[in-house]
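Let's walk through a protein model together, one feature at a time. Have the viewer open and follow along.

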Amino acid sequence: MSDVEEDAVLSDADDGARREKTGEGSQELVQCLTQNDIQEGLSLLCKTGNGLAHAFIKLDLKKRRLSNISAISNFIHIRFLDLSNNLLSDLSPLASLTQLLWLKADRNEIQSFRRQPFAQLTFLQWLNVAVNLLTDTGDLVGPSLETLNLIGNRIEKLSCLDGRFANLTTLELRGNQLETTEGIYLPNLHHLYMAQNVIKHLKGLENLERLQTLHLRENQIETLDGLNLNMRCLQYLNIRGNKVANENAIQSLQYVSKSLQILVLSENPVVESTEYRINIVMLLPNLERLDKDPVTSDERVEAKEKFKELYEEETVEP
């Protein structure tokens, strides 16, 4: 992942993910969804499931100040739906849209997954509920979900992220209020983004056996204890802007030394050490990039020499 891509991760879904909910919605004229709104937003004419008729399968309803979408329930062929930037707290009218594959409902006023229609949306593969008022992940189900975006909510604790999400490969949790990584039991997860929380401890990571990307920028992490041998697929780790202070705090990197290719540790106290890069390369001989710079051949040679010296010192001690 390049520096450009790293920054993109921090702004990919919405450039205001940490926006605080204000009273601006209450000052606007609240609207109920009308047939005219639906007709204006429909597009992408396709054959229906039985191949005997045609129906529009895409509906764009963003930025309409909607608080009620009951009128949508008869449009059962919709597969792609954009409800972003409205005033919605209740998505239950979507229960009849059982062919839905893609749902964008960010920047609304959803407070809970309870009594929401996700149990009926068994084909839903992509869900964005960023920048709502969610405080936990309980009651959400998604047997077909592959990508789940929860950026910029108020989530303090993770729950129910388990076998009910067997196909989930990307989980976005940036900009919430999480204090730990614990609560994620997703062995097929590939990409986990948890930057800009208040995480202090790395826990439960042994459940993420196929994880390739772990993004923990701008938290309160002091030690990398929690990385473990089960994380044999981890290739990219970003701990930028935390509180990792010394070499003892990074020793757990050895558990991911075979797979890790990119490590970002900048803006931590540990980088102020004069031999910071060499010490990291000793721990991670397969590393390709450390912070913004590639690992050089000279650094690899120096790391090998230092490792040899330390090994010889240990063997001669009585």
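Q: Is C46 buried, partly exposed or exposed?
A: Buried means under 20% relative accessible area, exposed means over 50%, and partly exposed is in between, using a 1.4 Å probe and protein chains only. C46 has a relative accessible area of 22%, so it is partly exposed. C32 is partly exposed too, at 46% relative accessibility.

Q: What should I know about the model before going on?
A: This is a predicted model, where local features need pLDDT of at least 70 and side-chain atom pairs count only at pLDDT 80 or more, while totals for chains, interfaces and linings use all residues. Residues are numbered from 1 along each chain as its sequence is written, and side-chain values use heavy atoms, with hydrogens and water left out.

Q: How many disulfides does the structure hold?
A: A disulfide is a covalent bond between the sulfur atoms of two cysteines. The test here is a pair of cysteine sulfur atoms within 2.5 Å. The structure holds 0 of them.

Q: How many helices and strands are there in the protein chain?
A: Both are DSSP runs numbered from the N terminus: helices are H or I with at least four residues, strands are E with at least two. The protein chain has 4 helices and 15 strands. Of its 318 residues, 46% are buried.

Q: Which residues have the most contacts inside the largest nonpolar core?
A: In soluble globular proteins, nonpolar side chains tend to be buried together. A nonpolar core is a set of buried Ala, Val, Leu, Ile, Met, Phe, Trp, Tyr and Cys residues joined through side-chain atoms within 4.5 Å. The largest one here has 78 residues, and L81, L171, I184 and L253 have the most contacts inside it. Helix α3 (residues 276–283) supplies the largest share of this core, 5 residues.

Q: Why is α3 described as largely enclosed by the rest of the structure?
A: Because 7 of its 8 residues are buried. The buried ones in α3 are Y276, R277, I278, N279, I280, V281 and L283.

Q: Which residues is I184 in contact with, leaving aside neighbours within four places in sequence?
A: Contact means heavy atoms within 4.5 Å. For I184, the partners include L158, L161, L171, L173 and M194, along with G204 and N207. Across the protein chain, of the contacts between residues at least 6 apart in sequence, 37% join residues at least 24 apart.

Q: Which way do β2 and β3 run, parallel or antiparallel?
A: Two strands pair if DSSP finds at least two bridges between them. Strand β2 (residues 42–47) and strand β3 (residues 54–60) are joined by 5 bridges and run antiparallel. L42 sits opposite L59 in β3. Their hairpin has 6 residues between the strands, and there G51 takes a positive phi near 75 degrees.

Q: Where does D60 lie, and which residues does it touch?
A: D60 is in strand β3. Not counting residues up to four places away in sequence, D60 touches G41 and D82. D60 and D37 are 23 residues apart in sequence, with 9.1 Å between their C-alpha atoms.

Q: How many aromatic pairs does the structure hold?
A: Rings of Phe, Tyr and Trp (its six-membered ring) pair if their centres lie within 6.5 Å; planes under 30 degrees apart count as stacked, over 60 as edge-to-face and the rest as tilted. The structure holds 2 such pairs. W102 and W126 are stacked, 4.7 Å centre to centre with 5 degrees between the planes. That pair links distant parts of the chain, with W102 in strand β6 (residues 102–104) and W126 in strand β7 (residues 126–128), 24 residues apart. The rings of F113 and F118 have centres 5.9 Å apart and planes at 75 degrees, so that pair is edge-to-face. Both F113 and F118 are buried.
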